[in-house]
Amino acid sequence: VTPMTCPDCARDAEHCHGTLVRLADGTLECTDVSCLDTGRERHELVVPALPAD
Amino acid sequence: MARAIWTGAISFGLVSIPVGLFSATDDHTIHFNQFERGTSDRIRYQRINERTGKEVEYSDIVKGKEVGDGDYVLVEPEELADIAPGRSRTIDIQTFVDLDEIDPIFFQKTYWLAPTDERYARPYALLREAMTRTNRAGIATFVMRGKEYLTALRADGDVLALETLFFADEIRDRSVLDVPGTTKPKGKELDMATGLVEAMSGPWRPEDYRDTYTERVEKLIEDKRRGREVVREAEPAEPTAMSDLIAALERSVADARGGRKPQEKKKASSAPDVPDLSELSKSDLAKMARELDVKGRSSMSRAELEKAVAAAAPQSRRKAS
């Protein structure tokens, strides 16, 4: 297995490794508690928050 | 210098200009953290493996798309980068359009582009000046973190700005609004409304406007921190009745031409701080009623509020007549 390297880390681009959670009311939260900028462009991983089954 | 959120190159004919992309705006919305009520326990998100329950590192996460019957196709970031249009590291300018031709509804967010090295300052300045001279914007697409962006590059003073745009199919059909009435306004009403627009016209000074809601949220937090009483905002003003439209327009035009904003209250000459209750909006009266602790104020009509405030107000606060 080839170890994965984050291409943005390799390029020294400003980004976040958290997952952006898009809530039903449109607000965005990040799984990374230290993330202060919930811009879509800073996040590779984005998921909608869905109600639990 | 700030760190770029993306690096690549602007492709402009046969010219390639290596650039970094920087956010041009900040969102000052207050971001709340979540807690469980009755506790001081923070709510946390964790990315866990559904089967093992163990947390998964960022570097171990790949994307998967369901293809039916619970089957997923998994893709690596490199595989997505390989098929990304516009060679993924390039902002490909495909055409130049008149900047004024772009309907503001398409504008999404503004970024700045800066050359990554002094060597590229010349072609960068060349593109900027050419777009300034022609008042044109370069329409380009590029891919950033798994999403394709339609963009307009334009000159912004000494720098190049990149506006991300909505794709045409992302703009909703305005017919969903089902706006009532198809007759075009005309006659005195339209003349008055046009006169009001002209009387209220002025230069665009963005610094004159503040996010008062965010300020109130900050105050709420500060008040709660200090244990002070929290004051609620008054109700919004009532809509103007159709029968009052001409009168309201006439008064607004007169106010605007007199150098006052329409919402400003007329002040009695003999008592500068005494408002004329008959000219106050329902929300202003509700605010006064709350200050005067008028009982049953929340269910009162505007007329009832005026009467109650007049009765409850000290003599010096009533209309000077």
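## Chain B overview

Helices (H or I, at least four residues) and strands (E, at least two) are DSSP runs, numbered from the N terminus. On that basis, the secondary structure of chain B in this predicted model comes to seven helices and nine strands. Of the 321 residues in chain B, 26% are buried, where buried means under 20% relative accessible area, exposed over 50%, and partly exposed in between (1.4 Å probe, protein chains only). Among contacts (heavy atoms within 4.5 Å) in chain B between residues at least 6 apart in sequence, 57% join residues at least 24 apart.

## Helices α3 and α5

Helix α3 (residues 187–199) of chain B and helix α5 (residues 245–257) of chain B have axes that come within 9 Å and cross at roughly 25°. Axes are lines fitted to C-alpha atoms, for helices over the stretch in contact, and angles run from 0 to 180 degrees between N-to-C directions. The crossing angle makes α3(B) roughly parallel to α5(B), a term that applies to angles under 35 degrees.

On the α3(B) side, the contact is made by Lys188(B), Glu189(B), Met192(B), Ala193(B), Gly195(B), Leu196(B) and Ala199(B). The residues contributed by α5(B) are Leu245(B), Ile246(B), Leu249(B), Glu250(B), Ser252(B), Val253(B), Ala256(B) and Arg257(B).

## Helix α7

In helix α7 (residues 302–312) of chain B, the buried residues are Leu305(B), Ala308(B) and Val309(B). Viewed down the axis of α7(B), these buried residues fall within an arc of 100°, so they line one face of the helix; the arc is that of the directions from the helix axis to the C-beta atoms. They pack against α6 (282–291) of chain B. Ala303(B), Lys307(B) and Ala311(B), on the other side of α7(B), are exposed.

## Ser23 in strand β2

Strand β2 (residues 15–23) of chain B includes Ser23(B). This residue, Ser23(B), is partly exposed, with a relative accessible area of 30%. Not counting residues up to four places away in sequence, Ser23(B) touches Glu41(A), Ile5(B), Lys109(B), Thr110(B), Tyr111(B) and Trp112(B). Ser23(B) and Ala2(B) are 21 residues apart in sequence, and their C-alpha atoms are 9.5 Å apart in space.

## Basis of the values

Residues are numbered from 1 along each chain as its sequence is written, while chains are lettered from A and ligands numbered from 1 in the order in which they are written. Local features need pLDDT of at least 70, side-chain atom pairs count only at pLDDT 80 or more, and totals for chains, interfaces and linings use all residues, while side-chain values use heavy atoms, with hydrogens and water left out.

Methods
Parallel < 35°, antiparallel > 145°, perpendicular 65-115°, else oblique.
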